[in-house]
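Dear colleague,

Please find below the structure that I am handing over to you, with the sequence alongside. My findings follow it.

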Amino acid sequence: MSSRHWTWLAIALLAVAWPLLSPFSITLLNYIGLYALVAVGLVLLTGVGGITSFGQAAFVGLGAYATAWVCTSPLAAQALSGLPAGLLPWLGLLLGLLVTGLIAWILGAVTLPLSGHFLALGTLAWGLSLYYLFGNIEGLGGFTGIAGVRPLSIAGLELASPRLMGIVIWAVLLLAIWAMHNLLDSREGRAIRALKSGRVMAESMGVDTSRQRMKLFLLAALLAAISGWLYTHLQRFVNPTPFNLEIGIEYLFMAVVGGSGHLWGAVLGATLITLLKEQLQDWLPKLLGTSGNFEAIVFGLLMILLLQRAADGLWPLIAARAGRWIKPAPARTARTTQAALGRRKLPPPGQVVLRAEQVTKRFAGLVANDAVDLEVKAGEVHALIGPNGAGKSTFFNMISGVDDPSAGQVALLGQPMTGKPARAFAALGMGRTFQHVRLLGQRTVLENVALGAHLRGRRGWLSAMLQTDRHEEAALLAEARKQIERCGLQSYIDTPAASLPLGQQRIVEIARALAGQPSILLLDEPAAGLRHLEKQALVQLLVQLRAEGLAVLVVEHDMEFVMNLADRVTVLEFGRVIALGTPDEVQANPRVMQAYLGVEDIEGDAA
Ligand SMILES: Nc1ncnc2c1ncn2[C@@H]1O[C@H](COP(=O)(O)OP(=O)(O)OP(=O)(O)O)[C@@H](O)[C@H]1O
């Protein structure tokens, strides 16, 4: 049976057992469902997107309080008089989503530009503030809260019992998992996954990382708000306690313990932590003969132990063990079609594609690039060489939008690009690889290469969640497959990128760059780590690309590789261009011999 069949079987079993379960089990399952919904958002935000948040409980609170206020406040009753009472919870949901969206947007704008522990501390700060805000607003009942919230009604049926509410909770949870699964399995999902590998790589693929991070943050907040809305109509009462920082930390535990990159890990984590806390609260006082907050201590210790044993969470462990009985979902390659994507017209051979004029970069007192001029034309391979520390990587960053020059101009296809971000370079047709390979290690070669085609698709998040992007997705995957075959990687198409040798990972990066249909390819030490035959194959590929009219700029240390391949070579030393010419001219240049090849020393030794 495939994983999909197992999922349906589990859902069917739960549905059949639902009317027979004890009220206590229903209560537990309801809470697990509510917690898992928040944890699903955290799996996306933290596990996939790499943004740690301790403050999700506050968003749950916003969703919970919004609907409680709409359903109970005299002000709301006055404003909404005349509307059927059954509509109020739905207006509460709408208000909750709007308020949460707005507050999350403001908080995101302030905290998301922070990085690392500053971001996590930021989430702690707003988690705390919102909790105290709930408790201090009199209109929201202060720390006593709001009681007498009306039950949710659907099509005239009042869901007054936990058993009925539970059906809604689990239906919403399963729907959210389905939608999030679709999102991750799409062009936008690849962009979200790329966030964790660092902004430079994602931006170079054309991903607007700030926007993606904000959208991810909003999505996780809205899922939390929906959980809060459901909570209020389950409890019919709210006070600030369930939205405090401690619960916010528990949500994060659920996502991490379950398996922070796996959607079902959220359900596992929520189940485990809910049951564990419940059991500890039950057993510890009996065991110790005294009551106290001992469960918090034991809970903390167990979490440390668990995370030490399974740093990636429990879901991957269970999935690996269950692999014997569960067939993986059909390979995504099976779904590719021959649907075509739009094609970019390449500039005619000989046209200057990239022009750098007087590019200068200063780091405090050090001039890493000093008025560097360089042109790369369509249909040529241009090599940039120089001894260690000559300024090649710095220059590479200047001409690819990773960093801004202190002075000078960069133009791509005649358009001024100075000061523009890397994604703007990608949009105009620049593809690049990295000196230190930057791939999504756990994802397949196919998915990695498809990320390179990001800008060739248009479908957004909603379309991905609802699966209306499938035609475009098939075309993107077909393009990725084509580039993989072009680079001779077809036998690794479904292999996780990290399990390939370094040399092949470099080729995957080239295939990824080609999937964007670039006019110019920037290769940062593409031959490093390649064996002799692999280097020959790479030379062949680059010769073919040149013949097709692509402009190629190579930064490389391997002189044999460069001299066999390049049409022109620019030599840097101490940040300055000391030579430009054909490989033969450059090799014969005494300045280059002296500076780069150390010939003077050899001659001196010989004398
Ligand atoms: N962010 C930075 N801050 C300060 N100095 C820097 C920075 N980046 C590079 N440099 C300095 O600029 C000079 C050029 O470095 P760069 O990495 O561009 O050289 P390179 O030619 O790429 O060297 P390699 O071949 O070893 O990669 C070096 O002296 C380096 O120490």
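In what follows, a helix axis is a line fitted to the C-alpha atoms over the stretch in contact, and an angle between axes runs from 0 to 180 degrees between N-to-C directions. Please bear in mind that this is a predicted model.

I begin with a pair of helices. Helix H7 (residues 162-184) and helix H10 (residues 209-235) have axes that come within 10 Å and cross at roughly 170°. Angles over 145 degrees count as roughly antiparallel, and H7 and H10 are therefore roughly antiparallel to each other. On the H7 side, the contact is made by Pro-162, Met-165, Val-168, Ile-169, Val-172 and Ala-176. H10 contributes Leu-223, Ile-226, Leu-230, His-233 and Leu-234. By class, the residues of this contact of H7 with H10 are 10 nonpolar and 1 polar, with no charged residue.

The next point concerns the domains. The protein chain is divided into domain 1 (3-243), domain 2 (347-429 + 518-599) and domain 3 (439-517). Between the C-alpha centres of domain 1 and domain 3 the distance is 32 Å. Their contact takes 16 residues from domain 1 and 18 residues from domain 3. On the side of domain 1 that touches domain 3, H7 and helix H8 (187-195) each supply at least two residues. The largest share of that side comes from H8, with 7 residues. The side of domain 1 that touches domain 3 has 6 nonpolar, 5 polar and 5 charged residues.

I turn now to the ligand. Which residues surround the ligand? They are Phe-363, Leu-366, Ala-368, Gly-386, Asn-388, Gly-389, Ala-390, Gly-391, Lys-392, Ser-393 and Thr-394. Strand E6 (366-377) and helix H15 (392-399) are the elements that give two or more residues to this shell. H15 gives the most, with 3 residues. By class, the shell around the ligand divides into 4 nonpolar, 6 polar and 1 charged.

E6 belongs to an open sheet of 4 strands, in the order E6-E5-E8-E9 and with antiparallel pairing. Its edge strands are E6 and strand E9 (415-416), each of which pairs on one side only. Strand E8 (residues 407-412) and E9 run antiparallel and are joined by 2 bridges. Within that pair, Leu-412 has Gln-415 of E9 as its bridge partner. H15 lies across strand E5 (352-363), E6 and E8, and runs at about 120° to E5.

There is also an open sheet of 6 strands, with the order E10-E11-E12-E7-E13-E14 and mixed pairing. Strand E10 (430-432) and E14 are the edge strands, each pairing on one side only. From one strand to the next, the twist averages 20°. Strand E11 (residues 520-524) and strand E12 (residues 551-555) run parallel and are joined by 5 bridges, with Leu-523 standing opposite Val-554 in E12. By contrast, strand E13 (residues 568-573) and strand E14 (residues 576-581) run antiparallel, also joined by 5 bridges. Here Leu-572 has Val-577 in E14 as its bridge partner. E13 and E14 form a hairpin with 2 residues between them, and Phe-574 in the turn has a positive phi of about 45°.

Yours sincerely

How values were computed:
Residues are numbered from 1 along each chain as its sequence is written. This is a predicted model: local features need pLDDT of at least 70, side-chain atom pairs count only at pLDDT 80 or more; totals for chains, interfaces and linings use all residues. Angles under 35 degrees count as roughly parallel, over 145 as roughly antiparallel, 65 to 115 as roughly perpendicular and the rest as oblique. Two residues are in contact if their C-beta atoms, placed from the backbone, lie within 7 Å. Ala, Val, Leu, Ile, Met, Phe, Trp, Tyr, Cys and Pro count as nonpolar, Asp, Glu, Lys and Arg as charged, and the others, Gly among them, as polar. A residue is near a molecule or strand if its C-beta atom, placed from the backbone, lies within 6 Å of it. Domain bounds come from an automatic or database domain assignment. Two strands pair if DSSP finds at least two bridges between them.
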